[in-house]
Protein chains: 2
Amino acid sequence: MAADTAVSAAEHAQHLLLGLFLIFAAAKVMAEVFERLRQPAVIGEILAGVLIGPYVLGWVEPSEITHTLSEIGVILLLFSVGLETKPASIIKVGKTATIVAVLGVVLPFAAGWGLMELYGATNIEGMFVGTAMVATSVGITARVLGGMGMLGATSSRIILGAAVIDDILGLLVLAVVASMAAGSTDFVKIGTTAGLSLGFVAVVALLLAPMLTRHVPRLGAGVRISHAAFAASIVLCLGLAAAASYIGVAAIIGAFLAGMAIAEVSEDNHELHSQIRGVTEFMVPFFLVGIGMQLNLTIFNDMNVVWMAVWVTLIAVVTKVVGCGLGAWSLGLRGAAQVGVGMVPRGEVGIVVAQIGLGMGVISESLFGVVLFMAIATTLIAPPFLRPLFARTGAAD
Amino acid sequence: MAADTAVSAAEHAQHLLLGLFLIFAAAKVMAEVFERLRQPAVIGEILAGVLIGPYVLGWVEPSEITHTLSEIGVILLLFSVGLETKPASIIKVGKTATIVAVLGVVLPFAAGWGLMELYGATNIEGMFVGTAMVATSVGITARVLGGMGMLGATSSRIILGAAVIDDILGLLVLAVVASMAAGSTDFVKIGTTAGLSLGFVAVVALLLAPMLTRHVPRLGAGVRISHAAFAASIVLCLGLAAAASYIGVAAIIGAFLAGMAIAEVSEDNHELHSQIRGVTEFMVPFFLVGIGMQLNLTIFNDMNVVWMAVWVTLIAVVTKVVGCGLGAWSLGLRGAAQVGVGMVPRGEVGIVVAQIGLGMGVISESLFGVVLFMAIATTLIAPPFLRPLFARTGAAD
């Protein structure tokens with residue numbers, strides 16, 4: 001036992017570092033391969049996760065550590081997306097974004113539930129699959145659009161705004177479905193969560209952001225520590241992410257709003273933007289690879305599961321494109337298509353819903369796999385369509 | 001059970017984010033307080049850890065997560081220190097650094113062991129305390145000197161070089177002592193570790209670094225992904241850190257050498273330096289707070305433990321100052337004092353040795369506390385002396 005502890009401490013460090021190296025290096029190698037194939041680098045990084053994950057090569061096992069790094073990654077990603085999003089520009093598209101979000105929630109939820117009914121699933125199973133199809137994971141879309149320098153386009157701003165709104169709606173639906181699955185229907189609690197969520201977004205977007213803009217001439221001014229603007233930004237990011245998760249909103253929404261709140265104050269601070277880009281570039285591969293690592297390929301030996309996955313994915317894509325496209329019809333056909341396709345990726349939010357359903361024992365292992373497939377497939381499908389859709393227009397802010 | 005899982009998943013995210021926020025925010029608030037008191041910010045960040053840790057306020061419990069973030073933090077810190085260190089400048093001071101390192105290992109080890117013998121401890125206990133007093137934790141010193149812009153001074157380069165060498169020597173001593181404590185004396189294995197460590201450092205410092213300088217005109221050239229230089233830097237950092245830990249050298253040495261290897265190639269890449277500074281500034285507080293969180297204040301209710309801690313710390317300081325100062329005598333009195341004081345902090349290396357000893361059951365809980373106290377106290381003692389010592393000279397490269 002004596003020597004074992006010393007050995008296992010050293011082995012723990014080795015294991016951790018090898019894992020970090022494999023995740024980061026695999027992500028970047030696959031990103032480079034995909035760039036050379038003229039495909040989005042994000043797809044490469046997610047497929048790197050599938051490849052090195054437990055179901056193909058088994059080089060890296062998902063663990064609490066990889067999960068945590070993935071969570072920090074998505075938070076910093078949404079923070080840096082928020083940093084490119086001025087509140088005024090979201091408010092300007094607020095009405096369209098709201099319509100896009102609502103239609104993009106109602107259609108997938110209803111269609112997903114209906115499809116499961118056709119498969120003979122229970123109501124709770126149907127509602128869980130429907131819920132997993134609701135929330136757009138704006139991270140992937142933002143990464144693609146950011147890479148193209150298109151985050152300022154009107155349709156990009158509608159996508160970001162609608163994604164914030166539909167995340168909130170999606171989490172409300174999840175709260176309702178989860179408490180129904182648990183046999184309770186505490187409408188007071190659900191109503192409180194709803195009120196708090198809306199209040200949180202309103203307070204940050206409408207009060208905190210303008211207040212910062214008005215009263216803080218330069219971020220970190222008057223603070224003596226080095227890199228004060230960066231420290232202040234990270235404190236705000238982690239603080240609002242934590243606050244959001246306590247209120248019952250997704251943490252990524254808090255991070256996004258934090259970025260948005262300091263967007264105007266930090267606009268001409270190139271050093272700050274470079275530093276935030278550094279930490280984002282370091283952490284985001286852990287998020288993307290983390291998604292890929294969760295895809296269990298063996299459940300697809302059963303052809304019924306394969307077909308169900310294909311149908312769920314198809315419905316997930318069509319309902320978002322149609323629902324959100326209709327909501328953005330005022331932009332014209334190309335704008336509506338940009339918004340519709342941009343809202344397709346479900347990513348980690350769908351995965352979280354599936355994990356909760358599996359954990360509660362209300363959906364089966366293969367239904368879990370199907371939802372996971374849908375979440376990843378929608379993430380993989382969108383970017384190749386997004387690029388040409390946005391490349392041809394140049395509609396900047 | 002059903003609702004519990006959903007709740008606990010959400011609680012897990014809340015808990016994680018609150019912890020991240022508290023660690024980062026406490027570090028920066030305390031850093032600011034210490035800057036205003038004209039004390040080094042690092043002390044503030046370590047004391048933030050003591051404060052929010054389990055033994056004072058109990059706001060954050062050390063966990064696998066905080067431990068991992070702390071480990072990533074120290075790796076990135078040493079990487080960014082390496083980035084400021086050109087191999088040629090280390091080689092130039094190689095002879096002095098070697099003498100400094102050897103004297104700074106022999107004296108603390110012998111004196112620590114001897115002191116324990118006076119206390120009536122066993123040989124193994126004595127050797128463990130001696131070993132914990134051997135390895136300088138260059139992170140703290142580098143942070144202070146870096147903050148003053150003094151990393152290029154001759155004595156700074158001797159400190160960095162000697163710290164690399166004494167880390168290797170310290171880990172060799174640990175390997176010997178740990179295997180003796182475990183009852184084995186496998187000299188072939190110990191010899192192999194020694195050979196591999198020296199080989200690793202020689203290969204990276206003498207072959208890889210000059211090769212990169214000669215054959216890579218611009219880091220990331222020819223790679224298509226965005227921020228390629230940053231990605232390449234991180235891959236090299238994590239790769240060499242992992243390789244070092246597998247060879248049996250400390251991971252931080254691999255990270256330091258990785259930074260050194262690309263120091264010349266990346267010299268005029270301001271964007272890369274800003275990005276690396278961003279990820280370093282984000283992760284390092286987790287390292288500093290992590291050290292502070294491990295200090296259990298309650299063991300010091302026993303005055304015998306307090307006096308032992310004071311004596312061990314005193315011996316630890318005096319032997320490093322005298323040993324390393326003698327080694328650097330050629331620099332004159334002030335240079336010798338700079339090197340001697342700069343080598344005082346033990347930090348995480350001493351803590352790791354203490355943890356291994358406790359884990360092997362060969363040192364007691366209070367002796368563990370004493371070593372921990374010494375590791376933290378030496379870390380706190382050095383910076384206030386370093387500042388005036390370096391502020392008066394301007395001896396740059």
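In the predicted model described here, the axes of helix α10 (residues 228-247) of chain B and helix α11(B) come within 7 Å and cross at roughly 140 degrees. Helices are DSSP runs of H or I with at least four residues, numbered from the N terminus; axes are lines fitted to C-alpha atoms, for helices over the stretch in contact, with angles running from 0 to 180 degrees between N-to-C directions. The crossing of α10(B) and α11(B) is right-handed, the near helix being turned clockwise from the far one by less than a right angle. On the α10(B) side the contact (heavy atoms within 4.5 Å) involves Leu236(B), Cys237(B), Leu240(B), Ala241(B), Ala244(B) and Ser245(B), and on the α11(B) side Ala251(B), Gly254(B), Ala255(B), Leu257(B), Ala258(B) and Ala261(B). By class, 10 of these residues are nonpolar, two are polar and none is charged. Ala, Val, Leu, Ile, Met, Phe, Trp, Tyr, Cys and Pro count as nonpolar, Asp, Glu, Lys and Arg as charged, and the others, Gly among them, as polar.

Gly259(B) also belongs to α11(B), which spans residues 251-261. Gly259(B) has a relative accessible area of 0% and is therefore buried, the term meaning under 20% with a 1.4 Å probe and protein chains only. Beyond its neighbours within four places in sequence, Gly259(B) contacts Phe79(B), Gly82(B) and Leu83(B). The C-alpha atom of Val81(B), 178 residues away along the chain, lies 7.0 Å from that of Gly259(B).

Helix α6 (residues 123-132) of chain B is largely enclosed by the rest of the structure, because eight of its 10 residues are buried. Among them are Met127(B), Phe128(B) and Val129(B).

Between the chains, 59 residues of chain A are in contact with 59 residues of chain B. The two chains bury about 5,700 Å² between them, 73% of it on carbon and sulfur atoms; buried area is the accessible area (1.4 Å probe) that two parts lose on being put together, summed over both. In chain A, Leu17(A), Arg224(A) and Phe282(A) lose the most area to chain B, together 11% of what that side buries.

Helix α3 (residues 64-83) of chain A packs against helix α3 (residues 64-83) of chain B at about 65 degrees, with the axes 10 Å apart. The two helices are therefore roughly perpendicular, a term covering 65 to 115 degrees. Their contact is made by Glu64, Ile65, Thr68, Leu69 and Ile72 of each chain, and its residues comprise six nonpolar, two polar and two charged.

Residues are numbered from 1 along each chain as its sequence is written, and chains are lettered from A in the order in which they are written. Local features need pLDDT of at least 70, side-chain atom pairs count only at pLDDT 80 or more, and totals for chains, interfaces and linings use all residues, while side-chain values use heavy atoms, without hydrogens and water.

Key: Buried < 20%, exposed > 50% of the residue type's maximum accessible area, 1.4 Å probe, protein only. Parallel < 35°, antiparallel > 145°, perpendicular 65-115°, else oblique.
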